[in-house]
There are 2 protein chains.
Amino acid sequence: MTLTKNTKPALLLIDIQKAFENVAYWGGERNNPQAENNAAQLLNTWRKLHLPVFHAQHCSVNPHSPLHESHLGNGFNDLVKPMPGEMVIRKNVNSAFIGTNLEQLLRDQKITHLVLAGLTTDHCVSTTTRMAGNLGFQTFLAHDATATFCKKGVNGEHFSAELIHQTALASIHEEFAIVLSTAQILNLIDGNEFSEQIYH
Amino acid sequence: MTLTKNTKPALLLIDIQKAFENVAYWGGERNNPQAENNAAQLLNTWRKLHLPVFHAQHCSVNPHSPLHESHLGNGFNDLVKPMPGEMVIRKNVNSAFIGTNLEQLLRDQKITHLVLAGLTTDHCVSTTTRMAGNLGFQTFLAHDATATFCKKGVNGEHFSAELIHQTALASIHEEFAIVLSTAQILNLIDGNEFSEQIYH
């Protein structure tokens, strides 16, 4: 798998919505506070290079969820608000491919390469990344532009957000997607000054 | 979500194939050696009660994989060999719902409840369970009838098979499926002698 500007990769930002600022609601502990800033870096580069951008927006069917449309939490985080021309994919399950026309939109635009980021690593990001890879897209995931919350194990054990995040990434890497940092992705997409210094 | 014999749940066994006996090939360390025996217990009960059974069979497109059809590893483990009348779903990606007619078969048979087990917890079982839940099936996963292999983290750290298994289950439970033990599932499906003793 290769990732360059010329492969015309789409950026798919998953559920970067205000509701996730309420850490207490989602379990009490979150990792990687830089996730949204790193996602915004990816977004700014995609905009600069006029590459396709898709924003998945979780619209919970549970009226009590902060992700339900009746709540302010349904709105996008200010750092990554969609601009005109960027597709918004409204969904109500974890996978952005289920109950939506995302796959058809990507096929229609002849998009073969996807870069994913967003919230949360082990739920919506993992599920959408798994499906993207299984549907045949060349899939890349920005590990530092995603984050999650702590979880309780089936035997009652406590798993920290960072452990859930890292184990989720380990299960994804080289099976469903190539997992890279935001800096690595930007370097591949937007030229490489360092290698230019070496080779020119 | 409820699970009883009367909900006519289908049992979906994922990739319980001989290839997974080669632990060295899959990373060198596996957890839960009882997974196949527990899956066989579920299968025997489903057969006794004439409930629907589906076997997913991974047919790798990589000729070097032990799961490729040219290798003996592609065959089912002897403990859970399909019998006439049980559906075999041949697939070549992690999800048993992608590139197959599994969803259509389930809808045609008016199946609404699914019990999953098989290999491996964090790859094919997790991906198929996630999609089952997101597609709207009432989904249950038998945690002790699944197993996985150790993984390397994106920062090079080693994660044991048991840790990958337990964190994968923690991310699935109550988000995509209800995670139960084989005994708990059998108790729900095949009567409850203990509660009969209490209530009669």
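In what order do the six strands of the open sheet of chain A stand, and is their pairing parallel or antiparallel? The order is 3-2-1-4-5-8, and the pairing is parallel. The legends below describe views of a predicted model.

Figure 1. Chain A holds six helices and eight strands. Read from the N terminus, these elements follow the pattern β-α-β-β-α-β-α-β-β-β-α-β-α-α. Along the principal axes, the C-alpha atoms of chain A fill a box of roughly 55 × 35 × 30 Å. The radius of gyration of chain A is 17 Å, which agrees with the value near 16 Å that a compact globule of 200 residues would have.

**Figure 2. The open sheet of chain A, made of six strands.** The strands are paired in parallel in the order 3-2-1-4-5-8. Strand 3 (87–91) and strand 8 (178–180) of chain A stand at the edges; each has a single partner strand, so one side of each is left without a neighbour in the sheet. From one strand to the next, the twist averages 25 degrees. Inside the sheet, strand 1 (residues 10–14) and strand 2 (residues 53–58) of chain A run parallel and are joined by four bridges. One residue to look for is Leu12(A), whose bridge partner in strand 2 of chain A is Phe54(A).

**Figure 3. Helices lying on the sheet of chain A.** Helix 3 of chain A lies across strand 1, strand 2, strand 4 (113–119) and strand 5 (138–147) of chain A. The direction of helix 3 of chain A is at about 170 degrees to strand 4 of chain A. Helix 5 (residues 182–189) of chain A also packs on the sheet, where it touches strand 4, strand 5 and strand 8 of chain A. Between helix 5 and strand 5 of chain A the angle is about 135 degrees.

**Figure 4. Packing of helix 3 against helix 4 in chain A.** Helix 3 (residues 121–134) and helix 4 (residues 161–172) of chain A pack at an angle of about 10 degrees, and their axes are 10 Å apart. Angles under 35 degrees count as roughly parallel. Helix 3 and helix 4 of chain A are therefore roughly parallel to each other. From helix 3 of chain A, the residues in the contact are Thr121(A), Asp122(A), Ser126(A) and Thr129(A). They meet Ile164(A), His165(A), Ala168(A), Leu169(A) and Ile172(A) in helix 4 of chain A. By class, the residues of this contact divide into four nonpolar, four polar and one charged.

Figure 5. Thr120(A) belongs to the loop between strand 4 and helix 3 of chain A. Thr120(B) is found in the loop between strand 4 (113–119) and helix 3 (121–134) of chain B. His50(A) is placed in the loop between helix 1 (35–48) and strand 2 of chain A.

**Figure 6. The sheet of chain B and helices packed on it.** Six strands form this open sheet, with parallel pairing in the order 3-2-1-4-5-8. Strand 2 (residues 53–58) and strand 3 of chain B run parallel, joined by five bridges. Ala56(B) has Ile89(B), in strand 3 of chain B, as its bridge partner. Helix 1 (residues 35–48) of chain B packs on the sheet and touches strand 1 (10–14), strand 2, strand 4 and strand 5 (138–147) of chain B. The direction of helix 1 of chain B makes about 135 degrees with that of strand 5 of chain B. Helix 5 (residues 182–189) of chain B lies across strand 4, strand 5 and strand 8 of chain B, at about 135 degrees to strand 5 of chain B.

**Figure 7. The contact between chain A and chain B.** The same surface serves both copies, as 100% of the contact residues of chain A recur in chain B. The contact takes 27 residues from chain A and 27 residues from chain B. On the side of chain A that touches chain B, helix 3, strand 6 (151–152) and helix 4 of chain A each supply at least two residues. Helix 4 of chain A gives the largest share of that side, eight residues. The residues of that side divide into eleven nonpolar, eleven polar and five charged.

Notes
Residues numbered from 1 in each chain as written. Chains lettered and ligands numbered in written order. Predicted model: local features only at pLDDT ≥ 70, side-chain atom pairs only at ≥ 80, totals over all residues. Contact = placed C-beta atoms within 7 Å. Axes fitted to C-alpha atoms, helices over the stretch in contact; angles between N-to-C directions. Parallel < 35°, antiparallel > 145°, perpendicular 65-115°, else oblique. Nonpolar A, V, L, I, M, F, W, Y, C, P; charged D, E, K, R; others polar. Pairing = 2+ DSSP bridges. Rg over C-alpha atoms; globule rule 2.2 N^0.38 Å.
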